[in-house]
Number of protein chains: 2
Amino acid sequence: MRTSIATVSLSGSLTEKLTAASRAGFDGVEIFENDLLASPLTPEEIRARCADLGLTIDLYQPMRDIEAVPEDEFARNLRRARHKFELMRRLGTDTVLVCSSVSPLALDDDALAAAQLSRLADLAQDFGVRVAYEALAWGRHVSTYDHAWSIVEAAGHPALGTCLDSFHILSRGSDPKGIEDIPGEKIFFLQLADAPLLAMDVLQWSRHYRCFPGQGGFDIAGLLRHVVRAGYDGPLSLEVFNDVFRQAEAGPTAVDARRSLLVLQESIGLTTLPQPVVPTGVAFAELVTPDAEPVAAVLGALGLARTARHRSKPVDLWERGEARVLVNTGPAARRDGTGLAAIGLESPDPAGAALRAEALLAPVLPRRRAPEDAPLDAVAAPDGTELFFCATGRPELPNWRADFEPIKDAGTTSAGEDTAGGVARIDHLALTQPWHHFDEAALFHRSVLGLHGQESVDVADPYGLFRSRAVTGPGGSVRIALAVGPAPTEDETRAQHIALATDDVVAAARRFRAAGGQLLPMPANYYDDLAARYDLTEGELAAYRELGILYDRDAHGEFRHCYTRTVGRVFFELVQRDPGHQGYGAQNAPVRLAAQHAQRPRR
Amino acid sequence: MRTSIATVSLSGSLTEKLTAASRAGFDGVEIFENDLLASPLTPEEIRARCADLGLTIDLYQPMRDIEAVPEDEFARNLRRARHKFELMRRLGTDTVLVCSSVSPLALDDDALAAAQLSRLADLAQDFGVRVAYEALAWGRHVSTYDHAWSIVEAAGHPALGTCLDSFHILSRGSDPKGIEDIPGEKIFFLQLADAPLLAMDVLQWSRHYRCFPGQGGFDIAGLLRHVVRAGYDGPLSLEVFNDVFRQAEAGPTAVDARRSLLVLQESIGLTTLPQPVVPTGVAFAELVTPDAEPVAAVLGALGLARTARHRSKPVDLWERGEARVLVNTGPAARRDGTGLAAIGLESPDPAGAALRAEALLAPVLPRRRAPEDAPLDAVAAPDGTELFFCATGRPELPNWRADFEPIKDAGTTSAGEDTAGGVARIDHLALTQPWHHFDEAALFHRSVLGLHGQESVDVADPYGLFRSRAVTGPGGSVRIALAVGPAPTEDETRAQHIALATDDVVAAARRFRAAGGQLLPMPANYYDDLAARYDLTEGELAAYRELGILYDRDAHGEFRHCYTRTVGRVFFELVQRDPGHQGYGAQNAPVRLAAQHAQRPRR
């Protein structure tokens, strides 16, 4: 189906909005009146601009407080409408949205509403315009879609139809099944918006918290299925009022928006995309750093060994067991400082994974960075992290390891040869997201990579709230924790970390410390509280206290973890996770964040 | 009464919070458990720190999910409680908050709750601790204050009392009158928080949107009156969970907090402060600028004349009618660029106004900036704007004009001598507030200056939402519009402006343009919409369109306004206001903001 987006869903001037919608591949737009009023372009220029950009103008909106009013008021409304229909002729658009009235003048009289809407449609017809009447969830007398439809049906006017909006329908708890009773040709327009499930005033909820389909809690797919069954074949249009999108750059928001419609259409069989290829493990994490020494010191103390060197680039491979970390001292590091730049994901079908990512609008990266490199499939995530699809150990496919020259006498790399507490693999990667794109990141990782999204949690930092949400592969083979910090200005909220799994965190922490590593110290009060909450043995408690190990437990098992000091924006975590435990120590995060703040130079 | 604040109400480490509370003059604190857990200080060190800072620890909180549970669970709870009572002994605090249970294990059994709370109080008594039981608004079985009190009453234990929290009581819509039926000595603690009136999930409302008394919509004074009548004489303590305060600096937040308690106590006669002295007009607005030339060009084109020069400083007085603008090219300007730095307010009693401001914790500025200056009373507003209390034309009092030497042949300064459209006075001043202190600014201007607060409005900017709220003096003699922009990072959101009143904005705009002034152009589409909405004459509409004049109207009259281009962070507005109209053209603000963005260099 054709896709469209309301200009109110994107930030910036009308010109910026149209450009972003076009670049993201939308077929059309809804022009929101305030965007037109504020634009220096004439309606004719807007029409031409849209044509140049390959966009149709699918809707002009909104007209408010039109129907079911005393005759003198309605006469004024018709006068106003005539102006707008003239404007629409200049714009070259043929459908106008009329919202159900919220005016104190409006009467609770469906027959009057139908009669006046019919007269409005008469006038509209003279201008070649169709009127799409929509029930606002907070309309004064008409607030449900079936009520709006009954008025449209009673009017029986060819230029009068209804507009359905998923937010208004689902926020009221209406059953969308009744949509199938509306003749498809009388559904003049369909607006889609999702929203988190909040118990709050519906007007505020609508104006500030809408989001793109798949990013909230509504069953948008279920609703769309009913609309399609009713025979609707107009555009799928996104109308999303959102305080964050208002501030975000229009370009990435438009891409996020269209991705959400692609996933939605796929979910009910309206379109076919390359199948998701779910990653089966983490091949490597790649750090960039201008100075390898501090990172090497931490990795070495964690028990990883430098086993190989890239044949043509300043990149070292450090590994132990299944945990592999690349340390890249190339140009990007000199620009951005020490950070997590790329993730290698083990994939059963790297080319297929890249195809799906591309179909879902992820930028595809060049397969070969240098002529001699193995040709690897890779895409960029919304936060810029590069995702490489790897097929380690499959001789028929390009192998990232082929680019690396082993280093002789590199030391022990197998966890098997070792005593307890060796690092076995990467437990999870934590990536702090740009402030405006947290919901986009979650949808990206779920839809592009086929990972499963866990619940979002709020964590108190001494200087604000963090939101965090993990996406995981089957059996915890891949775990990525996405976080967003409180203040868009604070550089420190860009912290990232690599969590390494061990079967004995006490032994691992001791060895790390013995090897010269510095653990993040935790406050004694935390351990007094642990003693109050759990029946841990004195020995356990003493070891945790000594090493700064944090403890969490739920019905599915225990979770023990400790942290290294931070190098640049990156730190490491040692994790001992019971197989059933799906958490990340959220209840300990405030203490950990405070300890990290305490390590920083005074503000 | 003694004043106290919960550490959760302030940002930062525990040490930072305690320091801020002490500096703002609080008598005590509630220690929030998570702040203690995250602190590297031992309980003994925290106790000593508080003593050094002159703070008592009035409460330790919270203990959760204690009561009305099966016996084995309760035994575990008692074990946990013993740890906490030991901790409280080390802290030197004697009251603990127990919140009504939200546990799925809790039984709907008041007798069991009373019996178990009684056993908890037995244990507490051994440690010299009192238990204050509070109904959470979302408690599983106990969610109202009278219910919690009935359980405490049934228990009849000397070490068990109740804690009242204004948020939990008022958010549920409970009638606070019943508080008077509780014996004062059984009210062990009182927590105060206000909140905006939002229809939303009460848990989310509580965790994110609480604010200080007088900044929300609750009748906190009414509740406090009942608590005092009940005989309570413990501390008034602020427990405010707020996402903005979490990010704001603790110092200013603590001052804002204590100011709110002073105003609250005054409002019900618990304390006496110097009377508010309401300003009767605007004596002057003072601009600082590194380069007087662009500002002088605009002021001159607006019809103001440079009439006097400061005797010892690089400050010029520009005036026309009652509109006076100082242009200061001193050192502050070289630091901060062109901005609005000070406001002179006509005051019937300048010394009294300053006394009140000082009593409400406003920083008092030196009366004489230089030995030869007139001794003027002045204080700093929360955003740093200097407020001078002036008594123009009263010979018995120091006069700011005495510092200025008239310039001969300065041109026409009286509106009376002039044709229509002359600037008559300052209509309003608009000050963009630092992001974290919008609510503080509104409370400051209301409580310190005795101005009246109007409703808050949201305005869409192309790159986010603005919030705006005006404070006004009687009859509109003083109008200050406080605004806060969408993004804390954007320098442009610090824009300020001076609105000048005229009785003929068309004439004023024409004269401004004829004198070489540049008006902010408005889009043609805006005027097409005006034509659709209002029955303006063709002549009016043509003039507005030509000059970029915006139009608004309500039941109380019309409002016409236009804008100059921006100099530094400052621009000017010409305003023609019908006497009854109280607005500021909020409906036109999106168009104006977009026009201002369009004038800026491309991002």
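Residues are numbered from 1 along each chain as its sequence is written, and chains are lettered from A in the order in which they are written. Because the model is predicted, local features need pLDDT of at least 70, side-chain atom pairs count only at pLDDT 80 or more, and totals for chains, interfaces and linings use all residues.

Visitor: Which kind of rotation axis relates the two copies?
Guide: Copies are superposed by least squares on the C-alpha atoms of residues with pLDDT of at least 70 in both. Chain B can be laid on chain A by a turn of 180 degrees and a shift of 0.0 Å along the axis, with an RMSD of 0.0 Å. The two copies are thus related as by a rotation axis that is two-fold.

Visitor: Which residue of chain B comes closest to the rotation axis?
Guide: The distance is taken at the C-alpha and comes to 1.7 Å. The residue of chain B with that value is Met200(B).

Visitor: Which element gives the most to the side of chain B that touches chain A?
Guide: Counting two residues as in contact if their C-beta atoms, placed from the backbone, lie within 7 Å, 44 residues of chain B are in contact with 44 residues of chain A. Elements here are DSSP runs, helices being H or I of at least four residues and strands E of at least two, numbered from the N terminus. Those that give two or more residues to this side include H2, H4 and strand S19 (464-472) of chain B. With eight residues, the element that gives the most is H17(B).

Visitor: How many residues of domain 3 of chain A are in contact with domain 1 of chain A?
Guide: The bounds, from an automatic or database domain assignment, are 3-267 for domain 1 and 421-599 for domain 3 of chain A. The C-alpha centres of these two domains lie 44 Å apart. Eleven residues of domain 1 of chain A are in contact with residues of domain 3 of chain A, and the latter number six.

Visitor: Is Val152(B) buried or exposed?
Guide: Val152(B) lies in helix H6 (residues 145-155) of chain B. Not counting residues up to four places away in sequence, Val152(B) touches Tyr133(B), Leu160(B), Gly161(B), Thr162(B) and Lys186(B). Because Val152(B) has 26 C-beta neighbours inside 10 Å, it counts as buried.

Definitions and conventions: A residue is buried if 20 or more other C-beta atoms lie within 10 Å of its own, exposed if 12 or fewer, and partly exposed in between; C-beta atoms are placed from the backbone.
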